[in-house]
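Trainee: I am new to this structure. Please show me how to read its features one at a time.

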Amino acid sequence: MNVRQKTIKQEISASGVGLHTGANVTLTFCPAPENHGFKFQRIDLDGHPIIEADADNVTDTSRGTTLTQNGASVSTVEHVMASLIGMDLDNVLIKLDGPETPIMDGSSIQFVDLLEEVGTVEQNADREYFTIPHNITYTEEDRKVEIVAMPLDDYRFTCMIDYNSPVLGSQHAGINTIAEFKKEIASCRTFCFLHELEYQLSHNLIKGGDLNNAIVIVDKEVTKDELSHLAKLFNRKDIDVAPQGILNNMELRYQNEPARHKLLDMIGDLALVGMHLKGHIMAARPGHAANVAFAKKIKAAIKKEKNKKIQKVYDPSAKPLYDVVQIMDILPHRQPFLFVDKILELSKNHVVGVKNVTMNEEFFKGHFPGAPVFPGVIQIEAMAQVGGILVLSTVPDPRNYLTYFLKIDNVRFRAQVLPGDTIVFRCDLLEPIRRGIAQMKGVGMVGEKIVVEAEMMAQISKIKQAEPAQ
C-alpha cells in the first residue's frame, strides 16, 4: 500500500537560544507543498534565502551539523531534523530569524511536542522510499568508527558508543522502528565531558550553554574550587558530582541517555539524505562528520540504483496522459522537429514518453535511404524532449520557459531502430532539481530491448519578454 506524503496543519513556533552563538532565535515550522521536502529559511537576511536540508549542503560538523546554501547558513540542525523524521513528515519549511536553531533542553522532545500539537495532514502525492538494497558500509579506522546499513522493510537503528571513559563506559541503544522515536529517543539530551566544557567556556564557544540543556560527564578529578568556579559561570549556588559521575545539575532520563542521544543525532543527520529510508542502521562510535559522510554514501547508492534501473515494459498503445496536442502546450517544438507523440506517465521524479518511428519522417529522405535507420542524434533529441516534459512540469506555466541541455554523458546505442518501431523513453531524475538544473538518466526501449541510454543535464530558462515599443 502506498504511503502518502505529510505536512503539518499550520504554523507553530518555538523560541530559545543557540547553543554556540548564544543568540535568541525563533524557529517556526510551516506547512509546505508536496515534494517540497525539508528546507530552512533565514528570514532575518535580505532576500530570505532558502537552505535545503541536504547532505551536499553540509559545511561544518565540528560542533553540530551546519548547512550552507545561497549565501546563508544554519547551524545545529540535527535535533530539528530528527524531530521531523520521528514525526513521519515529508514537507516542512523551517523559518529562522537567526543563524542557529534553538537548543531548547538539548533534545528533540520540545520540537516533537510542537509538531504533535499542531497535527499533520496527508497530501495527495505518494511518498518515495529508498530501501537499502545491500550492505552499505562506512569506516574511519583512526576513530574506530563503523557504520553499516542493511536491507530491512522498516527503519531500525542500533548504536554503540565507547569513549574510553571509566564513567561513561560502553553504552548501547536501539529502536526497532522509527515509530518508537518519540517514546524512546526524542527526550534524550546532548552531553559533553567536563574537560570539553572547560575548553569551550574558555574559548567562548558555547555562549548559549546552560546546565539545563546538556549532561556534563565528569571524566577527571575535580576540586571544590573548580566546582565553585563552574557554579559561578552558570549562575548557580553550588554544583557537585552526582553518584553517576555527572554534574548534579540534572538527573538522567535513561541510564544510557548518552547513547540514545547519539542515535538521535544519527537520525537527524541521515535525514539529510533527502528521502525516507528503509533499512537497519548499525553504528559504532558515530559522530556528525561520520553521519554526514555516510549520508552522502547512501545518496551515491540512490544515484547508482537509479542509474541501473531497468525500465519496465510499457504498452505504447495505452491511453496517454498527454497526447501530441497537449504536448505542444508544454514543449515549444513543432513538426518536423517534435519527436514525442505521447506521454504515458509523469511523476515528480520520472516521465515516460513514446516516439513512433515511421518511414515518412523527413530525415529518412537523406539518412541511408536504401537502408533506413533512425539517426542516433535524433534518438537523443527525442529522449531530451521527453525529459523536458519532466523538467517543465516543475514550473508554474511551461509556456514561459525553455530547457537547454548543458551536458550529455555516457551515451550508448545498443541496437538499431528502424521504421515501424516504437521507442518508449523513460527519464528519471538522478537528484532533486536545484537552481533550475536537472540531472536525468534516460533509457529508450523497443519492446523489451534497450536501444539507447544516456545521462543528461538541463537548465530551465525563463523566456525573456520583449520590451514594449516606446
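Mentor: Start with a term: contact means heavy atoms within 4.5 Å. By that rule H367 touches P372, V373 and P375, not counting residues up to four places away in sequence. This is a predicted model, in which local features need pLDDT of at least 70 and side-chain atom pairs count only at pLDDT 80 or more, while totals for chains, interfaces and linings use all residues. Residues are numbered from 1 along each chain as its sequence is written, and side-chain values use heavy atoms, with hydrogens and water left out.

Trainee: Where is H367 placed?

Mentor: Helices (H or I, at least four residues) and strands (E, at least two) are DSSP runs, numbered from the N terminus. H367 lies in the loop between β20 (350-356) and α9 (376-392).

Trainee: Is H367 buried, partly exposed or exposed?

Mentor: Buried means under 20% relative accessible area, exposed means over 50%, and partly exposed is in between (1.4 Å probe, protein chains only). H367 has a relative accessible area of 25%, so it is partly exposed.

Trainee: Which residues does UniProt list for "active site"?

Mentor: UniProt positions are given in the numbering used here, with shortened feature names, and annotations may be inferred rather than shown by experiment. The unreviewed UniProt entry lists H288 and H367 under that name. H288 is in helix α7 (residues 288-308), and it counts as buried because its relative accessible area is 13%.

Trainee: What joins the side chains of H288 and D269?

Mentor: A polar contact is a pair of N or O atoms within 3.5 Å; within protein, one must be able to donate a hydrogen and the other to accept it, and residues adjacent in sequence count only if both atoms are side-chain atoms. The side chains of H288 and D269 are joined by such a contact, at 2.8 Å. Setting aside neighbours within four places in sequence, H288 is in contact with T61, G64, T65, E78, D265 and D269.

Trainee: What does the side chain of E257 reach?

Mentor: The E257 side chain reaches the backbone nitrogen of R253 at 2.7 Å. E257 belongs to helix α6 (residues 257-270) and is buried, because its relative accessible area is 0%. Beyond its neighbours within four places in sequence, the contacts of E257 include Q171, S187 and C188.

Trainee: How far apart in space are L45 and A72?

Mentor: Their C-alpha atoms are 8.1 Å apart, while L45 and A72 are 27 residues apart in sequence. L45 sits in the loop between β4 (38-42) and β5 (50-52).
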